[in-house]
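Subject: Structure for you to look at

Hello,

Here is the structure I promised to pass on. Please open it and keep it on screen while you read.

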Amino acid sequence: MKTEASGVQSPTAIPPLKLSGILVLCSLFFGVSITEASSVFLLPLTLKLFTDNPQYIFLILAINPAFGLIAQPLVGIWSDRIWTRFGRRGFFLVTCAPLVAISLILMPYIGSLLLLVILVVWLQFFQDVLNGSDQPLIADLVPPAQRTFVLGLVKTCENVGFMAVLYIGMSWVTSYKVTHGDEQFGLPLYWAAAVAQLVFVMGAALFLKEPKRTPAKRPRVTPMRYFKDFFSQPMLGRIAAAYFMRAFTRTAVVGSVALYASDTLAFSEGEMGRSWGLMPFISLVLGIPLGLLVERFAKQRVLQVGFVAILVGCFIGYFAGSPMGLACAALCFGLGDMTLEVTHKAFMSDHYPPEKIGQFTGCVNIFYATGRTCALVFVGVAIDWYSRLTRSGSDLVGSGLDYHVIWVVSGISALIGIAILSTVRDQRHEQRLAAKGEGESIG
């Protein structure tokens with residue numbers, strides 16, 4: 001149900017989520033984050049063994065979000081309309097997690113760039129199916145008043161996964177490299193990520209206990225109807241546009257910080273992990289407090305504050321020359337990223353009709369995936385151009401590439417995100433203020 005004036009969903013439509021359900025969600029997001037972190041921080045270094053060309057590297061990395069443009073919307077629509085013994089979203093979690101695990105187990109044994117690209121396609125397609133399946137669960141199972149808190153909690157668990165990869169997994173990679181060189185590069189981390197898929201994703205999905213809903217009889221979803229349904233919701237288009245900029249801002253740095261640390265700053269994998277590990281650490285510490293706090297404020301203002309924190313992180317990151325400098329950048333970037341994470345999805349889910357949660361989540365994922373894809377492609381070109389412009393290869397360590405431009409690109413896109421959010425209103429927050437004012441007046 002929704003109010004006629006605003007299109008904001010009624011908070012009474014979904015009962016409060018119990019502790020057991022919250023633990024299952026935490027496990028799912030933790031398990032998926034292990035593979036996501038491995039793809040973000042280890043996969044670029046794996047690709048670098050086969051080519052130093054940044055445009056090739058980032059085009060291959062863009063396979064993940066590019067597939068997300070297809071896989072996640074389709075999964076959202078299909079999972080709205082099916083029911084199996086594993087539930088709706090749970091069916092895709094149970095079946096796709098083992099397929100992701102297989103690709104992770106094989107990754108260290110690939111001997112050519114062509115085979116690596118094929119395996120990356122496999123990995124990223126099914127990873128995107130998982131992302132398209134777990135994200136609608138928040139709007140499915142959690143009432144609006146509880147969402148920022150639960151988002152903060154599951155994001156905390158997600159950041160535990162990222163920290164495990166950065167602090168422990170990347171150190172494993174360095175230690176394994178000392179004894180094996182580049183042979184079977186990254187094997188301990190890839191295999192640990194595979195185990196996480198089987199235990200924390202597939203295993204947890206078996207206990208998901210989604211409420212059974214009879215699929216509503218609706219017209220066939222055409223591309224025109226798909227986007228018409230979405231943009232018919234007040235404010236949602238502009239909030240999603242800011243989500244695009246958030247994805248671009250985040251990916252410009254996070255998608256390439258491992259290469260920035262190894263090539264431009266000459267850090268080892270372990271040094272990179274320990275420095276950038278402060279980003280998920282600050283998110284871990286602040287996830288639940290932010291989840292409780294942001295509900296009190298207009299969400300568009302909170303999102304703008306998050307972008308400002310990222311801007312500060314970009315400034316520090318550009319001038320970082322040591323692990324401590326990169327750690328400070330990670331601290332600010334993590335604060336901004338966590339603020340955006342616990343606020344943005346809850347803000348958008350206020351506008352999702354109950355019978356179209358999967359469809360709308362998939363549509364929102366198109367904005368995010370497009371932002372990630374554009375960022376990776378653009379950054380690959382920008383790095384090549386900036387390296388040629390600023391200095392000769394003989395002045396640089398590693399492959400002779402200068403990755404400083406990632407901070408400039410991210411900072412500019414953050415400013416655009418702030419501008420977009422200045423046109424947005426938090427209608428549910430305004431309704432609460434109006435109701436409070438009426439109550440005080442009556443009192």
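Predicted model: local features only at pLDDT ≥ 70, side-chain atom pairs only at ≥ 80, totals over all residues.

**Overall**

The protein has 19 helices and 0 strands. It counts 443 residues, and 60% of them are buried. Take the contacts with a separation of 6 or more: 85% of them join residues 24 or more positions apart.

**Helix α8**

Look at residues 144-180. These 37 residues form α8. At 1.5 Å a residue, α8 should span 54 Å, and its end C-alpha atoms are 51 Å apart, so the two values agree. The helix is kinked by about 30 degrees, with the kink centred on Gly 169. After α8 comes Gly 181, which has a positive phi near 65 degrees.

**Aromatic rings**

There are 14 aromatic pairs in the structure. In one, the ring centres of Phe 125 and Phe 126 are 5.2 Å apart; their planes stand at 85 degrees, so the pair is edge-to-face. Phe 125 is partly exposed at 31% relative accessibility. Phe 126 is buried at 16%.

Now find Trp 276 and Trp 407. Their ring centres are 6.2 Å apart and their planes are at 55 degrees, so this pair is tilted. Trp 276 sits in α13 and Trp 407 in α18, so the pair ties together parts 131 residues apart in sequence. Trp 276 is buried, at 0% relative accessible area. Trp 407 is buried too, at 2%. Ring pairs also bring in Tyr 260 and Phe 333, making a cluster with Trp 276 and Trp 407.

Best wishes

Note on methods: Residues numbered from 1 in each chain as written. Heavy atoms only, no water. Helix = DSSP H or I, 4+ residues; strand = E, 2+ residues; numbered from the N terminus. Buried < 20%, exposed > 50% of the residue type's maximum accessible area, 1.4 Å probe, protein only. Contact = heavy atoms within 4.5 Å. Expected span 1.5 Å × (residues − 1). Bend = angle between axes of the 7 residues up to and from the residue. Phe/Tyr/Trp six-rings, centres within 6.5 Å; stacked < 30°, edge-to-face > 60°.
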